[in-house]
Amino acid sequence: MSPLHSTSTRSVLHRGGDHLAGLNPAQREAVLTAAGPVLVLAGAGTGKTRVITHRMVELIRRGVPPEAILSVTFTNKAAREMHERMQALLGRRVPSRPTISTFHAYCVRVLREEIAALGYPSRFVIYDRGDQEAAARKALRDLKVADAALSPGDLVSQISRWKTAGLRAEQASEAAEDDRDFLAAVAYRKYQATLKAAGAVDFDDLLLLTLQLFSEFPAALSRQQKRFEHVQIDEYQDTNDLQFRIVAALVQPHRNLCVVGDDDQSIYGWRGAEIRHILQFQQQFPGAKVVRLQDNYRCTAQIIDAANHLVRHNRGRHEKSLVAHKSGAPVAFKPYPDEQAEAEGVVREINYLIQHLQVPPGDIAILFRTNEQPRLFESELRRLRVPYVLVGGQSFFDRREVRDLLAYLKVLAYPHDEMSLLRIINVPARGIGEASTEKLLTRAVKTGRSFWDVVPDAVAARDIAPRTAAAIAQFRELLDDFRARLAAPGAALSAVFQQLIEAIDYAGEIQKQYKDSSLQAARTAVIDECVAAVREYETRAERPSLAEFLEQTALAGKEDAFGEHPETERPGVRLMTLHSAKGLEFPRVYLVGLEEGLLPHQRSVDADSDAAIEEERRLAYVGVTRARDVLTVSWAQTRMKWGKRRETIRSRFVAEMLPDGGG
């Protein structure tokens with residue numbers, strides 16, 4: 001131990017066990033278990049971050065050099081929070097600090113030092129999604145593969161899945177299940193060669209190449225093993241196979257590994273997380289000590305009871321039961337006649353809380369399962385001018401498909417809206433290329449005439465081909481036809497909109513753009529939601545008009561005080577998916593859409609798999625435990641689906657939250 005470190009350690013030792021004050025017995029046990037493998041099962045709201053930071057202080061107090069401690073988490077936000085807490089606990093007198101980072105940041109550090117062994121420069125470039133798609137496009141072009149067979153975006157997604165599974169380019173063909181996969185495997189090799197030639201890696205490479213380095217170069221692994229005497233992993237239930245193998249290699253000599261997590265909150269199986277890592281920790285690390293943190297300091301007893309009743313229906317879990325330390329209002333279970341009534345009821349109650357009880361909007365969250373669900377709630381929040389923030393995703397009205405279809409409506413309502421026209425003139429593709437539209441736009445600007453008016457002159461000047469002019473004329477006829485339909489007496493806006501979508505075959509466009517069937521289904525659902533939005537406007541408006549509908553949707557603009565805003569401290573009711581809500585908490589939570597097919601999701605229901613339903617149940621559990629004081633669970637008894645109103649089945653999870661099974 002260096003004199004400097006000795007002095008620093010004495011400054012921590014001088015404070016003795018002060019850092020243990022305020023810890024409950026289970027937290028203290030986890031902090032004081034300083035050697036060997038330790039599994040800390042930290043239920044929701046049980047103070048896991050506190051345990052992780054105090055355990056690092058305890059290790060330093062016992063003489064472990066701070067720089068010999070590695071603490072890994074999954075998000076930069078969590079890493080920053082740990083840094084801040086360590087700063088507060090250690091003060092400024094300790095010159096060195098533990099390494100606190102995400103998995104990917106740790107791997108970057110390793111690769112900067114060691115990647116030359118794999119034939120890459122130490123100053124490698126990390127490609128973003130745009131760079132990846134450009135490399136994929138080059139690989140496919142070299143192989144003379146058309147987009148219709150395999151698009152660059154689909155190739156990048158497939159390569160990511162293979163890399164997450166630990167498959168390098170030369171191994172992917174063995175995993176190919178059909179001709180398309182085999183084509184992707186060949187392109188993967190080209191793609192990876194392109195990256196390596198450019199001295200670049202992608203995000204998935206950070207893990208995959210680190211594991212390759214540890215596997216093929218024992219000296220490099222040894223250097224990393226000697227650097228850290230103690231390793232801690234937060235959110236261990238979210239680790240994928242690559243991360244597990246990296247950690248197992250790193251701690252092999254000393255086995256000083258402390259993992260903190262909650263199997264009941266393992267909700268990322270769809271992106272490669274393996275719940276078996278936390279369930280089988282004692283088999284993978286024999287002799288491991290298990291500490292259960294079950295004292296919940298977040299939620300009321302009523303909310304905790306619902307959470308405990310729900311999650312006990314899962315078989316694949318560590319036995320534990322959260323204990324609350326405060327009481328509150330009963331959990332409210334509310335059925336509504338339909339999805340519109342649910343949105344209106346929830347938002348009306350929220351508006352009352354804000355206007356009459358002075359509840360801050362930011363204290364309220366509406367949580368949902370799918371990205372399509374918030375649209376109704378957004379519309380109601382706008383209508384009542386309740387400020388809100390859509391967290392962890394685009395506003396419904398900012399989605400590509402929605403913007404495309406709204407652009408069609410804008411062109412119908414405002415024939416001179418050339419920005420909207422340029423967006424849709426070749427969507428779906430109709431033989432009017434970008435070069436032709438640019439020439440027409442340039443001519444229109446120069447002559448001060450409309451886009452449509454310059455087409456004959458452009459043909460005469462041979463700026464555009466006759467067949468392009470014919471396609472433009474046909475498109476204009478389509479627009480004129482639908483303007484006439486809208487102007488017809490008694491015309492229903494939603495019905496004409498539906499006819500337009502069918503006439504342009506936008507569903508076919510989705511089929512072309514997305515090869516994955518689940519993505520196609522999700523994007524097609526967005527079309528249905530667009531039509532539903534127009535239909536609901538019609539039922540609400542005294543004298544429905546296209547112009548008024550477009551005016552209302554424009555309230556989502558960036559300068560508007562009501563609508564989507566960047567995820568900042570700006571006040572507003574939080575709308576977010578259950579996946580986005582993990583790690584957050586709110587005084588009041590509305591858990592909406594508790595119906596079979598939504599939560600649990602239809603994919604999991606169709607899979608007829610206990611594992612799939614159990615992950616959905618964990619997702620519901622995460623939703624329940626986001627609420628500190630008040631929880632409302634709701635569902636619609638009927639819902640529009642495939643153009644018809646259909647009865648729903650209340651989610652099985654509602655009954656499971658009740659002590660009597662919902663009898």
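Which residues does Q158 touch, not counting residues up to four places away in sequence? Select Q158, then D181 and A184: these are the residues that Q158 touches, contact meaning heavy atoms within 4.5 Å.

Before going on, note that this is a predicted model, in which local features need pLDDT of at least 70, side-chain atom pairs count only at pLDDT 80 or more, and totals for chains, interfaces and linings use all residues. Residues are numbered from 1 along each chain as its sequence is written, and side-chain values use heavy atoms, with hydrogens and water left out.

**Helix α7**

Stay with Q158 and show helix α7 (residues 152-164), where Q158 is found. Helices here are DSSP runs of H or I with at least four residues, strands are E runs of at least two, and both are numbered from the N terminus. Q158 has a relative accessible area of 12% and is therefore buried (buried is under 20% relative accessible area, exposed over 50%, partly exposed in between, with a 1.4 Å probe and protein chains only).

Next select strand β6 (residues 230-233), whose residues are all buried. H230 and Q232 point one way from the strand, and V231 and I233 the other way. In a regular strand the side chains alternate between the two faces of the sheet.

Look for S71, whose bridge partner in β6 is Q232.

**Helices α5 and α12**

Now select residues 103-114 (helix α5) and residues 241-251 (helix α12), which pack at an angle of about 55 degrees with their axes 12 Å apart. Show F103, H104, Y106 and C107 of α5 together with Q243, I246, V247 and L250 of α12, the residues that make the contact.

**F377 in helix α17**

Finish at F377, in helix α17 (residues 374-383). F377 counts as buried because its relative accessibility is 3%. Leaving aside neighbours within four places in sequence, F377 is in contact with E342, A343, V346, V347, I366, L575 and V592. Select Q340 as well: the C-alpha atoms of F377 and Q340 are separated by 8.6 Å, and the two residues are 37 residues apart along the chain.

Key. Axes fitted to C-alpha atoms, helices over the stretch in contact; angles between N-to-C directions. Pairing = 2+ DSSP bridges.
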